[in-house]
Structure formats: structure tokens, C-alpha cells
Amino acid sequence: MPSTGVASLDLAELYNCVHCGLCLNQCPTYRVLRLEPESPRGRIHLVKAAAEGRIELNERFKEHMYLCLLCRACETACPSGVQYGRIAETAREHLGPPGSNFARSVQYFVFRQLLPYSRRLRILARLLRLYQRAGLQKLMRNLLPKKLREMDAMLPRIPAKFFLPASGVLPASGERRARVAFLHGCVMPLLFGNVNEATVRVLRRNGCEIVFPQNQTCCGALNIHNGETRAAKRMARQNIDIFLGADVDAIIVNAAGCGAAMKEYDYLLRDDPAYAGKAKRFSAQVKDAAEFLAGLGLVGKLGPLEMTVSYQDPCHLAHAQRVRNQPRELLRAIPGLRLVEMEGADRCCGSAGIYNITHPGMSRRLLEEKMRALAETGAKAVIAPNPGCMLQLRYGARAFGPALPVYHLMDLLDRSYNQAERSA
């Protein structure tokens with residue numbers, strides 16, 4: 001077989017696809033463009049051709065691979081169990097990040113020099129907050145090129161307070177039912193520190209003793225999705241060593257993309273003889289917060305929240321982790337809360353990591369579709385337990401409407417517990 005750059009891809013996985021086409025209408029880019037190369041089936045055919053040396057790994061090939069959102073809805077639809085995400089991520093590993101040489105350099109800098117270092121991320125967040133608060137954002141908006149203006153419009157308001165994890169262990173409230181470790185993440189502490197705090201309170205109220213392993217790092221999801229696995233593997237090894245040493249029943253994650261990446265460390269490090277076994281043990285311990293709490297069973301009194309909400313399935317929770325019913329079970333446990341399902345709740349909102357930056361046109365089309373579906377429900381709020389989805393939907397509420405708030409599931413559970421305490 002001639003060497004084409006993807007010859008090392010697991011060909012057995014490629015040949016599991018029987019080209020039945022059941023994935024087509026589950027694929028966001030195919031539904032919009034109706035082009036075979038922009039479908040999972042078409043992209044698998046392209047990767048197979050590249051692996052067999054029949055086509056070149058040129059820019060056109062790269063465009064097809066990166067227009068994919070890696071939402072993995074095709075995996076849910078596939079009767080043959082094809083792990084499309086593995087195929088696409090392996091192809092991207094050989095291709096590297098998309099864009100110009102300058103764009104690739106910026107992405108490599110972010111992936112290798114920012115995401116693994118929490119202190120650097122906090123400094124960047126403080127600079128962005130100064131940019132917003134000092135009036136520079138309003139001043140610069142009309143001076144920036146169109147693409148940078150669009151990126152600036154998506155920039156969320158940076159909060160004054162970041163989430164700083166406790167040192168050591170936080171005891172359970174009441175009888176201890178489990179000992180868990182908590183991934184505080186890289187983006188979550190900076191933009192959604194309140195969600196992390198709510199998650200910790202809910203876990204403790206449900207009998208969880210919480211460990212915050214020191215020196216944990218970014219999960220590596222953004223790196224993996226964009227073809228940068230060198231730093232991703234280094235971060236994975238660091239997390240594995242630190243979390244496995246915590247002696248816990250589960251590793252809790254409240255960000256869907258992070259949870260999916262961590263549950264697949266065993267695949268990421270499959271060729272590493274020193275870490276393959278440890279990665280498998282680690283991945284088996286990773287649980288989404290909703291998945292874990294639904295399995296543990298809620299305890300304590302929940303107070304009423306009189307509101308009508310809809311639920312957006314994060315792609316990497318519904319399709320990658322196959323966690324769908326548990327978040328809905330927890331929402332239905334809240335008295336007074338009315339859950340109204342939207343059409344296509346598990347369709348991608350267009351966030352997809354940094355996809356809304358690298359492919360803003362397609363991202364906006366998918367977001368407009370999502371906001372129309374939300375508007376039809378009549379819901380007064382939307383729940384989306386993933387930071388990328390929350391940012392995207394908040395942007396959609398401003399840009400297209402309806403102007404409704406976006407919450408994490410843990411926000412509402414925490415509010416419900418607080419309401420019960422106030423009423424006691």
C-alpha cells in the first residue's frame with residue numbers, strides 16, 4: 001500500500017461502513033448542502049481512498065474533513081456501529097488544523113501553549129475582561145475586519161470571579177454515599193465558575209465527598225478534534241496519573257465535550273504500552289454529572305421551580321456518551337418544572353468546539369435552525385449542559401431570538417435545592 005499519510009488508519013473500521021445511507025439525514029452538513037462528500041458516508045469513502053493511495057491529501061480533501069462538525073450523530077444512526085469520530089479524528093491528526101499558515105500557527109499556540117496551562121488562561125481571561133470593561137470592545141467593533149467583528153460579537157462577558165477549586169477534600173453534606181473527583185476544566189472555571197460551584201453543591205447535597213486533584217489539566221478535547229494530538233496525549237497522561245491517584249469511585253465532569261474526550265483516553269493512548277491499561281481504568285471511571293446523579297439517585301427535598309424549559313442535547317453527551325434520558329429524568333424530578341421537547345433536540349447547534357470560529361457561515365445556519373425550533377416550543381428557558389452549547393445558544397438568543405436564558409442542568413438542580421431550604 002503506498003504511503004499517503006493516513007495508511008496507518010485502522011482499515012477494519014473503514015470497511016465496517018456498508019454505505020446504507022441511514023446517516024445522511026442525521027448529518028448537519030449533508031442536510032444543508034445535500035452533497036455526498038459532505039456526509040459521513042462520503043467522507044469515509046474519501047478517507048478510504050486516501051488510505052489506499054487513490055487520492056491525495058490536498059486542500060480540497062482537508063476542506064471536506066473539516067466542514068464536518070464531529071457531532072457524531074451519524075454514530076447514533078449507524079446500524080453497523082461505525083465509529084466515525086475515530087476515523088475523522090485520525091484523518092485530522094495527519095492533516096493538522098485547518099486554515100492558512102497563520103491560522104494554523106495561532107491554533108497550535110492555543111492548543112500547546114494556552115490550554116494546558118490554567119494560569120496563562122486566567123491571565124488571558126483577565127485581559128479580555130479589561131478589554132470589555134474599559135470600553136475598548138465598543139470602540140474596536142467598528143474598526144475590526146468583518147470576520148473579527150463576528151468573533152468579537154460571540155465573545156461572552158467575562159465574569160469578575162473565577163472558580164478556584166478547594167484544596168484537599170470537601171465533605172459530603174450528611175451521610176457519605178460516594179467519594180468522587182471533580183474535573184474543573186479549562187474554560188468552565190473562567191466563563192462558568194457559577195456552574196462549577198452549583199455542581200459541587202449539588203454533589204455534596206447528594207452525599208458526595210469531593211476531591212479536587214491538584215495539577216489536573218485541560219482534557220484535550222479541542223486538540224483532538226483539530227488534529228493536534230501531541231499535547232493532547234501529554235495532557236491525558238497527566239490527568240490519568242493525577243486522577244487515578246485520588247482513590248475515588250468516579251471522576252465527575254459537567255462539560256459534555258470534556259467527558260467524551262476523557263471517556264476515550266483509552267483509544268487515544270491505545271498504542272502507549274505504559275498508559276494503555278491505566279487509560280482504560282481511567283475512562284471507566286469518568287461520568288457526566290447528570291449520568292452519575294441519576295444512577296446514584298437524588299436525595300433531599302427539591303423545591304418548586306415554576307418554569308417551562310426545553311432541553312438541548314449536547315452532541316458529545318447524546319451521541320458520543322449516549323447519555324440522553326438521565327438529564328431529562330433529573331429535570332422532571334424538579335417540582336413545577338415543565339419540560340417541552342424541541343424538534344431535533346439532538347441536532348448540533350453549530351458550536352462544535354471552535355467550529356463557529358473556523359466555519360461561521362455553516363455554524364450560523366445551524367444555529368438559526370436551532371433557535372427556530374426553540375421558538376416553536378414556547379419554552380421560557382433552554383437547558384444545555386455543555387459550555388460550547390451554552391455560549392452558542394446565548395449568542396443565538398441575542399442574534400436571532402427568542403431572547404431566552406440558557407442554563408446548565410446543575411444550575412436548576414442547585415436552585416431547586418436552595419428553594420427547598422428557603423421554604424423549610
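Which helix gives the largest share of the lining of the largest cavity? The answer is α3, residues 40-51, with three residues. Helices here are DSSP runs of H or I with at least four residues, strands are runs of E with at least two, and both are numbered from the N terminus.

This is a predicted model, in which local features need pLDDT of at least 70, side-chain atom pairs count only at pLDDT 80 or more, and totals for chains, interfaces and linings use all residues. Residues are numbered from 1 along each chain as its sequence is written, and side-chain values use heavy atoms, with hydrogens and water left out.

On a 1 Å grid over the protein atoms alone, a cavity is a set of points where a 1.4 Å probe fits but cannot get out. A pocket is an open set with protein on both sides within 12 Å along at least five of seven lines, and lining residues have an atom within 4 Å of a point. Grid points are joined across faces, edges and corners, and a volume is the space filled by probe spheres set on the points.

The whole structure holds five cavities of 30 Å³ or more.

Now turn to an open space. The second largest pocket takes in about 550 Å³. Its lining has 26 residues, and Ser 118, Arg 122, His 184, Asn 215 and Gln 216 lie nearest its centre. Of the lining, 16 residues are nonpolar, eight polar and two charged. Helices α8 (118-133), α11 (188-191) and α14 (230-244) each supply at least two lining residues.

Follow α8 next. Its buried residues (under 20% relative accessible area, where exposed means over 50% and partly exposed in between, with a 1.4 Å probe and protein chains only) are Leu 121, Ala 125, Tyr 131 and Gln 132. They sit on the same side of α8 because they cover an arc of only 115° around the axis, taken from the directions from the helix axis to the C-beta atoms. The face turned away carries the exposed residues Arg 119, Leu 127 and Leu 130. The buried residues pack against α7 (101-114), α9 (136-141), α10 (146-154) and α11. Just after α8, Gly 135 takes a positive phi of about 85°.

The C-alpha atoms of Leu 339 and Ala 125 are separated by 35 Å. Beyond its neighbours within four places in sequence, Leu 339 is in contact (heavy atoms within 4.5 Å) with residues including Val 309, Tyr 311 and Arg 328. Gly 336 lies in the loop between α20 (325-332) and β7. Gly 336 is partly exposed, at 27% relative accessible area.

Terms used:
Ala, Val, Leu, Ile, Met, Phe, Trp, Tyr, Cys and Pro count as nonpolar, Asp, Glu, Lys and Arg as charged, and the others, Gly among them, as polar.
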